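Open the model in your viewer and keep the sequence panel beside it. This tour goes stop by stop.

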Amino acid sequence: MESVLPHLVFVEEEDDKGAPIYNKYKLVSIIPERKSCILYNPSTGVKEKDEFFLTTINIDWLDTIWKWYLECANIKVKDEPQLYVFVWHFEHMERDASDEEILKAWELQEHEDYNVSRYTPDEFTAYINDNMFDDLQYYVRCIKTV
């Protein structure tokens with residue numbers, strides 16, 4: 001483990017106005033028993049005296065920095081379509097309902113007649129694995145949408 005340390009990391013913190021900022025640190029040691037770590041602050045040249053929980057480290061920092069840059073530059077990027085799982089009771093719509101009908105029903109889901117649920121594939125898999133899905137009364141469709 002020591003061969004990969006120190007390692008550059010970013011920690012989400014707040015500025016004096018409460019806005020999120022991403023400060024650069026070097027991860028110098030990990031404390032597995034407490035799931036924490038010791039960080040070195042290159043801007044001050046000091047090893048932080050407090051432990052940081054590993055969960056405070058932003059592991060998606062490139063994606064976060066990119067989105068933050070786009071937001072600061074006021075650049076709008078079209079969202080990429082993602083795969084979602086839509087689930088509805090068999091009495092609400094037919095099994096062969098079109099994608100458009102399912103999406104419209106999901107948008108109107110606050111109305112009882114259009115009760116359609118939307119899940120990511122991982123969420124739906126967990127739903128099934130936890131024995132919470134009644135496949136005798138519900139239909140399922142996977143649709144790519146933003």
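In which loop is N131 found? N131 is found in the loop between α3 (121-129) and β8 (138-145). Helices (H or I, at least four residues) and strands (E, at least two) are DSSP runs, numbered from the N terminus.

Before moving on, some ground rules. This is a predicted model, where local features need pLDDT of at least 70 and side-chain atom pairs count only at pLDDT 80 or more, while totals for chains, interfaces and linings use all residues. Residues are numbered from 1 along each chain as its sequence is written, and side-chain values use heavy atoms, with hydrogens and water left out.

**Stop 1: N131.** Stay on N131. Its phi is positive, about 55°, although N131 is not a glycine. N131 counts as exposed because its relative accessibility is 71%. Buried means under 20% relative accessible area, exposed over 50%, and partly exposed in between (1.4 Å probe, protein chains only).

**Stop 2: K35.** Select K35, in the loop between β2 (20-31) and β3. K35 is not a glycine, yet it has a positive phi of about 50°. With 62% relative accessibility, K35 counts as exposed.

**Stop 3: S36.** Now select S36, in strand β3 (residues 36-41). Is S36 buried or exposed? S36 counts as buried, because its relative accessibility is 1%. Show the side chains of S36 and E51: they make a polar contact (2.5 Å). A polar contact is a pair of N or O atoms within 3.5 Å; within protein, one must be able to donate a hydrogen and the other to accept it, and residues adjacent in sequence count only if both atoms are side-chain atoms. Leaving out residues up to four places away in sequence, S36 touches I30, I31, E51, F52, F53 and L54. Contact here means heavy atoms within 4.5 Å.

**Stop 4: β1 and β2.** Select strand β1 (residues 7-14) together with β2. The two run antiparallel, joined by eight bridges. Two strands pair if DSSP finds at least two bridges between them. Pick H7: its bridge partner in β2 is L27. Then go to the hairpin of β1 and β2, with five residues between the strands. There, G18 takes a positive phi near 90°.
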